[in-house]
Amino acid sequence: MNKGAKVLVVDDEKVVRDGCHRVLSKRGYEVYTAESGEKALEMLKEKDVDVILLDLKMPGMSGEEVLEIINKKYPDIPVIIITGHGTIDTAVECMKRGAYDFITKPFQIDQFILTISRAVEKRELEKQAQKNLYDLSLEKSRLKTIINCMANGVMVTNKNLEVVLHNPALMKMMEIEEELESPIPIERIINDDSLIGILRKILEENIKDEFFYLELKIKNRYIRTISASALGPEDMVVGTVTVLEDITDFKRLDEMKTDFINMVVHELRSPLSAIRQMNTVLVEGLAGPLNEKQRDLINRQISRIDELLNLINDLLDVAKIEAGKYVQHFVPTDICEIINNIISLMQEKAKQQGVELIFVCENKEPVPADPDSIKEVFSNLISNAINYSLDGGKVEVTVKGLKEYVEIKVSDTGIGIPKDEVPKIFDKFYRVKDPKARHVKGTGLGLYIVKNIIDAHKGSIDVESEVGKGTTFRILLPIATR
Ligand SMILES: Nc1ncnc2c1ncn2[C@@H]1O[C@H](COP(=O)(O)OP(=O)(O)OP(=O)(O)O)[C@@H](O)[C@H]1O
Ligand SMILES: [Mg+2]
């Protein structure tokens, strides 16, 4: 540790200077010498010194005077006083005034070396501490620069929900022009109940490893927020951090795309329905007799048109769902009656595919629901169960009254869904690529619509599935009227 440490020896006696030089250089120190206080101060202006050995009794400037100046100008350099036997009191006095230690002449080599190496060590530790402080402040200012340059808004609060850190992007998003003092109550920056509610929950419930996502509309802008707790020493929740992203442009683009699709879909529906109608007239022979081949072709046209109309209807449903206009009329609804009707309609299709279709109803409670959309839910689930079953399979629908819910299960003994695909099947347009289901026509919108309808009823839907064994969808619908 002492290798290369620089020691300045200040003594008017040449023997002492030379002795120190010899002993210290042998041990790897770099040694400078000065024969007077004045000369020492001159040298300190140019040289970087780690330890000073200072004689008290010198002609010209006294050791005490030199010590005073060094303490003032170079407070970090430890000074070791060199004293004769008779002047120990003065040396002690010097230590009171800031000298690091003293050694008495004539030097005991071991003692001498020990004292110097202790002083060098002290100096090294201080240098290290200073470097750490410097690194810390550099890191802090680097972090500050990054946060200030971010395009996303950043907001950090303390436990009292006062904002202690924010960046220019946040101020721009919130259209705040004046400089804000810190800490500042959160409401002065974002006065949004849902965000404040989430932050309060994080703090009150001490939530550590979770992110909370929200979409807010503030001053005509759509903003997506991600919030989490800010952790202090010993992993204590000391505040919250929120990153805010302005997604207004994406939203507008998305709205334009949706409007465009809706317009096209709408325009397609009427002519397609008309073509279907005319084809039915032809098939029924109302426009004159058809031969076998002609009837077959027109029937095939009708089924292709039905596929297109299905897709169009699904797309229109999705548009309504996304506009929040799909599930609107809640009335006490008999779930069993709705499912019974669907089952009757689907028996024929199930039979054609060699699938047994069973319905068990053990519930009398009406459920506050929108009958049309509930019909949509179970038509989708039951037709999926039949479609993704194999010849000889069984589809079972059960309705059970639980305490606060009605539980509906749609189970099949079909092809099943691989585990890693299960979380994706409720996504828009998602279909599992299974060769066994290649013959099934579909758009991947069914379950997306189902999930949205169940959510609008404040219910839940989950799936259990095993490849090759079958799938069960379990739906809970709350009975309590809201
Ligand atoms: N009971 C089931 N058994 C096995 N796989 C299923 C079952 N139900 C759904 N799936 C899988 O989930 C995917 C998504 O289902 P979803 O009903 O959303 O779309 P789809 O049936 O392909 O088309 P459509 O929009 O016409 O209903 C299906 O493509 C299928 O791969
Ligand atoms: Mg489907």
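Mentor: One term before we start: two residues are in contact if their C-beta atoms, placed from the backbone, lie within 7 Å. This is a predicted model, where local features need pLDDT of at least 70 and side-chain atom pairs count only at pLDDT 80 or more, while totals for chains, interfaces and linings use all residues. Residues are numbered from 1 along each chain as its sequence is written, with chains lettered from A and ligands numbered from 1 in the order in which they are written.

Trainee: OK, M150 then. What does it touch, not counting residues up to four places away in sequence?
Mentor: M150 touches N167 and A169. Its C-alpha is also 8.5 Å from that of P168, 18 residues apart in sequence.

Trainee: And where does M150 lie?
Mentor: In the loop between α5 (109-149) and β6 (153-158). Helices (H or I, at least four residues) and strands (E, at least two) are DSSP runs, numbered from the N terminus.

Trainee: Why does M150 count as partly exposed?
Mentor: Because it has 14 C-beta neighbours inside 10 Å. The rule is buried for 20 or more other C-beta atoms within 10 Å of a residue's own, exposed for 12 or fewer, and partly exposed in between, with C-beta atoms placed from the backbone.

Trainee: What about F211, buried or exposed?
Mentor: F211 is exposed, with 11 other C-beta atoms within 10 Å. It lies in the loop between α7 (193-204) and β9 (212-218). Leaving aside neighbours within four places in sequence, F211 is in contact with I226 and A228.

Trainee: How far is F211 from P59 in space?
Mentor: They're 73 Å apart, C-alpha to C-alpha, and 152 residues apart in sequence.

Trainee: How many helices and strands does the chain have?
Mentor: Twelve helices and 18 strands. Buried residues make up 26% of the 482.

Trainee: Why is strand β4 largely enclosed?
Mentor: Five of its five residues (79-83) are buried, so the rest of the structure largely encloses it. V79, I81 and T83 sit on one side and I80 and I82 on the other, with both faces covered.

Trainee: Which strand pairs with β4?
Mentor: β3 (residues 51-55) does, in the parallel sense over four bridges. Pairing takes at least two DSSP bridges between two strands. D55 has I82 in β4 as its bridge partner.

Trainee: Switching topic: what's around ligand 1?
Mentor: 23 residues surround it, and the closest are R431, V432, G442, G446 and L447. A residue is near a molecule if its C-beta atom, placed from the backbone, lies within 6 Å of it.

Trainee: Which helices supply at least two residues each of that shell?
Mentor: α11 (371-387) and α12 (446-456).
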